[in-house]
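Subject: Structure handover

Hello,

Here is the structure you will be working with. Please open it alongside this email and follow along.

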Amino acid sequence: MRLCLKEMIPIAKKRKNGEGTLRLRKDGRWEGRIVVGYNEKSLPITKCVTAKTKTECSTKLEALKEEYGRSSDKIKPDMPFGDWIDFWYQTYCRHTLRITTRTDYENRIYNHIIPEIGKIPLNRLSQSDLQQFYAKEKTDGRKLHAKTYGKGLSDRTIRGIHANCRTALQRAVQDGLIRTNPAVCCKLPPKKAREMQVLTQNEILRFLHQAKEEGYYELFLLELGTGMRRGEILALKWSDLNFKTGELHIERQVYIIRAEIIISAPKTKASIRTVILPPSLLKALGAYK
């Protein structure tokens with residue numbers, strides 16, 4: 001009887017969360033490793049332990065599996081949607097997001113999605129459930145500053161909530177937990193382009209006069225003269241400006257997250273740029289310095 005070569009070679013399978021492996025390293029130590037999740041490129045996220053003997057390493061590996069493997073035992077089709085979207089965010093998203101985006105995600109997931117529809121089983125969440133949830137948030141979903149902005153959330157926030165739900169549910173489809181994504185055909189508030197409001201020359205002069213009275217003249221003059229964002233202006237250093245050539249290098253931005261000031265690179269490479277300031281603006285900044 002002949003055996004086909006394919007039958008003799010075991011086929012590699014994607015390792016499930018919580019499964020562990022033991023191996024002897026070149027340095028003579030034993031290493032235990034488990035997969036705790038997968039990133040956005042479907043590459044495994046692993047945790048490992050090491051020990052001098054196989055028995056000791058095996059014991060450590062079991063403890064590691066107990067610590068990190070518990071979450072994988074709960075990943076089932078009938079798990080609460082709140083548990084799934086939390087797992088999806090912590091496993092697939094959180095480490096890939098900028099801190100400002102991370103704050104938006106966490107607000108939508110933990111302040112809106114989970115409290116309202118988090119108890120519904122993942123495999124029983126329907127398009128109707130989502131549609132009713134969006135409608136409720138649109139009329140009575142605001143948690144803070146309701147007296148100032150009204151009780152309902154903005155169209156933009158509703159669309160953001162939907163985007164989180166849809167992406168999390170699509171991941172559940174890919175992982176074989178549900179057959180179809182109930183968020184695909186939901187009806188959403190339309191995108192509305194904001195009408196640009198341009199100041200007249202007299203309004204600009206009045207604005208700058210008031211800014212000078214309050215000590216912000218140079219800041220707003222720079223903003224009006226370049227179109228820079230507030231965070232970009234607040235992150236500027238004198239070393240970014242060449243008074244001889246008029247070149248201003250923009251390469252960092254200030255964010256304020258939960259009352260903490262954070263300075264980092266701009267969101268996109270296109271935001272790192274050089275602008276040429278007009279002589280009048282250079283003169284004002286020279287006098288200010």
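What percentage of the 289 residues in the protein is buried? Buried residues make up 32%. Here, buried means under 20% relative accessible area, exposed means over 50%, and partly exposed lies in between (1.4 Å probe, protein chains only).

Some ground rules. This is a predicted model, in which local features need pLDDT of at least 70, side-chain atom pairs count only at pLDDT 80 or more, and totals for chains, interfaces and linings use all residues. Residues are numbered from 1 along each chain as its sequence is written, and side-chain values use heavy atoms, with hydrogens and water left out.

**Overall fold**

The protein has twelve helices and eight strands. Both are DSSP runs, numbered from the N terminus: helices are H or I with at least four residues, strands are E with at least two. Take the contacts between residues at least 6 apart in sequence: 51% of them join residues at least 24 apart. Contact means heavy atoms within 4.5 Å.

**The largest pocket**

The largest pocket has a volume of about 1,800 Å³. A pocket is found on a 1 Å grid over the protein atoms alone, as an open set of points where a 1.4 Å probe fits, with protein on both sides within 12 Å along at least five of seven lines. Grid points are joined across faces, edges and corners, and the volume is the space filled by probe spheres set on the points.

The lining has 42 residues. Each has an atom within 4 Å of a point. Nearest the centre lie Asp104, Arg108, Ser154, Arg156 and Thr157. Helices H5 (99–117), H8 (155–174) and H11 (230–234) and strand S6 (253–257) each supply at least two lining residues. H5 gives the most, with nine.

By type, the lining divides into 13 nonpolar, 15 polar and 14 charged residues. Ala, Val, Leu, Ile, Met, Phe, Trp, Tyr, Cys and Pro count as nonpolar; Asp, Glu, Lys and Arg count as charged; the others, Gly among them, are polar.

**Helix H8**

H8 has 20 residues and reaches 28 Å from its first C-alpha to its last, close to the 28 Å expected at 1.5 Å a residue. The expected span is 1.5 Å times one less than the number of residues. Just after H8, Gly176 takes a positive phi of about 75°.

The buried residues of H8 pack against helix H4 (81–93), H5 and helix H6 (127–140). Among them is His162, with a relative accessible area of 6%. The side chain of His162 makes a polar contact with the side chain of Tyr134 (2.9 Å). A polar contact is a pair of N or O atoms within 3.5 Å; within protein, one must be able to donate a hydrogen and the other to accept it, and residues adjacent in sequence count only if both atoms are side-chain atoms.

Now look at H4, where you will find Trp84. Its relative accessible area is 0%, so Trp84 counts as buried. Trp84 touches Ala168, Leu169, Arg171 and Ala172, among others. Trp84 and Arg171 are 87 residues apart in sequence, yet 9.9 Å apart in space, C-alpha to C-alpha.

Ala235 sits in the loop between H11 and strand S4 (241–242). Is Ala235 buried or exposed? Ala235 is buried, because its relative accessibility is 5%. Its contacts include Arg252, Gln253 and Val254.

Best wishes

Note on methods:
Lists of a residue's contacts leave out its neighbours within four places in sequence.
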